[in-house]
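Here is a briefing on selected features of one chain. Keep the sequence and the model open while you read.

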Amino acid sequence: MVNRSIASGHAGSNRMGNGARAKSSPELLGGFDGLNFHDQRYANGGNQFSVEPPDQGLCTGNGYVMESVNDVLAIYGNSGNKLVGPVDLNTFYGYPAAINRSTGAYGPSLTDPSCYYDAGTQRWFQIVLTLDRVGTTSALAGTNHLDIAVSQTSNPTGAWNIYHLPVQNNGTQGTPDHGCAGGFCLGDYPHIGADANAIFLTTNEFSLFGPGFYGSQIYVISKQALASGAASPNVVLFNGGDPSIPAPAFTVIPAISSGGQYDGAHGGTEYLLSSDAVFFNSGTSTDLWLWSVSNTRAIDTTPAAVTLNVSLLNVQQYAVPSSLAHQKPGSTPLLDCFATPTCAALLGYPSIVYPGPRDLAVNDSRMEQVSYANGKLWGTLDTDVLLGDGSHGSGINYFAINPHSGGTFVNGTLALPDANLTYGAAAVTQSGRGVIAFTVVGSNDYPSAGYASLDAKIGAGDVHIAMAGAGPWDGFTGIPYLGGGRPRWGDYGAASADGNTIWIASEYIAQTCTLAQYLTAPRFQCGGTRGALGNWATRISALKL
């Protein structure tokens, strides 16, 4: 396993946010349950691994809603009717199953999906990081690539073209050599953005087989070539680990355009944002980094003329959250099973008692989803806040930035006095009205799907609950026998603007069951609502602005 976090401090910002719980949510049009752990584990005839966290990818347009998570995909109509899926990502990208449970053969490992509907080309773009295996064994070969699926029409239920972009960056397969320890780099945490001329993919580059972080990578790819199905689209790579770049490049997130709005300055410009608190022992910062890729119209003719610039922005202090999030007590059959010798034996593990419900991990202070809308750049990140009882928790810092001057229209912290807000993702309409999606979780709250309004004058509004959680998170990450590490809740959420409607995908818990129900046939599935090792779910909601 690769340690894909570089947070070095947890001092806390000692800041109370400005959020309150709303008594009603008149903006909410409705919603439906999206993909869940059961869908993920039992797709493709059950030839899947148990995976958490889900890492939502959501994109909307032309009357469709597409959601992808680790490691399945589904397509819905605007009313929530499922049109496609759940389809496992290995099948979608044309690979063998993640694990053939009859023969034990492994397929490639796919992770970190994201998607984007581009109004300019009327095409859907779906990306994922793929790690190759040594034959059909579990051993990783070292080569890894970003797989880019592009719809052939404006209908995502139809045919797709698949592109493969090698990102091991060790001098093989046409990649540069970045000198990653162990011989292979890893293109982790891919995210997608776009301007009028190009698709932008960014990664965090770690060593795959050794220690070390080597800087974010920014890939610029001809959008028109991808949309037309060209065999070899032009690609430009900017190496954020290059010593000549004056900014610490970690989780550089490209902006997603709202409704075909792009910045035409300097021959076409795409904006990206990143934060830097994770680099300091204090875990705090008052800086953001504004990245801009200009002259993007040259990508089709003279790609070497595409240029990168970076500048420093001053914002209110934010901090790496300093603690895990408590949960409201409830039924936790996986924990109960581990505490019961006969049940633990059915899972194939020794019996051990874990106190529950366990705390779950919030995000660090990396930049989350970025949007370009109404001439402004919008972004969010998780930050440490003080809760009403004096303990530390997680809130969401939000920004609306003038990308030309570097000034901020609005910058604040959204938080509750009695619960954590985490994995915020903002989407904004062309008129400049937006929504931040997140998970709400605390001692009095099961993990729930939440949201708040956002604009450039008032900032964030009150916290609304789109769908309350039905029980506590009860997953396998953080348990020593199952890999240990952090009790993973998520890596990112998603939001998408479609005209004056904003769609959000939030991770939450949609079910609850007892140990007796967990052991009832079909065993460990609680009536098809969860899997043996996890119970995460997603909620897709629509809000009219």
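**Loop between S11 and S12**

Pro211 sits in the loop that links S11 and S12. The model is a predicted one.

- Pro211 has a relative accessible area of 65%. Exposed means over 50%, so Pro211 counts as exposed.
- Gly182 is 29 residues away from Pro211 along the chain. The C-alpha atoms of Pro211 and Gly182 are separated by 8.3 Å.

**The four-strand sheet**

- Strands S10, S11, S12 and S13 form an open sheet of 4 strands, in the order S10-S11-S12-S13. The pairing is antiparallel.
- S10 and strand S13 (235-239) are the edges. Each has a single partner strand, so one side of each has no neighbour in the sheet.
- From one strand to the next, the twist averages 20 degrees.
- Strand S11 covers residues 198-207 and strand S12 covers residues 213-222. The two pair in the antiparallel sense over 8 bridges.
- Which residue of S12 is the bridge partner of Ala198? It is Ser222.

**The eight-strand sheet**

- Another open sheet is built from 8 strands. Their order is S17-S16-S15-S14-S18-S19-S20-S21, and the pairing is mixed.
- Strand S17 (307-319) and strand S21 (408-414) are the edge strands. Each pairs on one side only.
- Neighbouring strands of this sheet are turned by 25 degrees against each other on average, direction ignored.
- Strand S20 spans residues 392-401. S20 and S21 pair in the antiparallel sense over 6 bridges.
- Ile396 has Leu414 of S21 as its bridge partner.
- As background, strands of a sheet pair through backbone hydrogen bonds, either parallel or antiparallel.

**Backbone exceptions**

Most residues other than glycine have a negative phi, and most peptide bonds are trans. The residues below depart from that pattern.

- Gln173 has a positive phi, near 55 degrees, and is not a glycine. Gln173 lies in the loop between strand S9 (160-166) and strand S10 (185-194).
- Is Gln173 buried or exposed? Its relative accessibility is 52%, so Gln173 counts as exposed.
- Tyr189 also has a positive phi, of about 55 degrees, and is not a glycine. Tyr189 is in strand S10.
- Tyr189 has a relative accessible area of 3%. Buried means under 20%, so Tyr189 is buried.
- The peptide bond from Gly85 to Pro86 is cis, with omega near 5 degrees. Pro86 lies in strand S5 (residues 82-88).
- Gly356 and Pro357 are joined by a cis peptide bond with omega about 0 degrees. Pro357 is in the loop between helix H5 (341-347) and strand S18 (367-373).

**A buried charge**

- Glu507 belongs to strand S28 (residues 501-508).
- Glu507 is buried and has no salt bridge. What is the nearest side chain of opposite charge to Glu507? It is Arg488, 8.8 Å away.
- A salt bridge needs a side-chain nitrogen of Lys or Arg within 4 Å of a carboxyl oxygen of Asp or Glu.
- Leaving out residues up to four places away in sequence, Glu507 touches Pro54, Gln56, Thr439, Ser448, Trp489, Gly490, Trp536, Ala537 and Thr538.

Key
Residues numbered from 1 in each chain as written. Predicted model: local features only at pLDDT ≥ 70, side-chain atom pairs only at ≥ 80, totals over all residues. Heavy atoms only, no water. Pairing = 2+ DSSP bridges. Axes fitted to C-alpha atoms, helices over the stretch in contact; angles between N-to-C directions. Buried < 20%, exposed > 50% of the residue type's maximum accessible area, 1.4 Å probe, protein only. Lys, Arg positive; Asp, Glu negative; His and termini not counted. Contact = heavy atoms within 4.5 Å.
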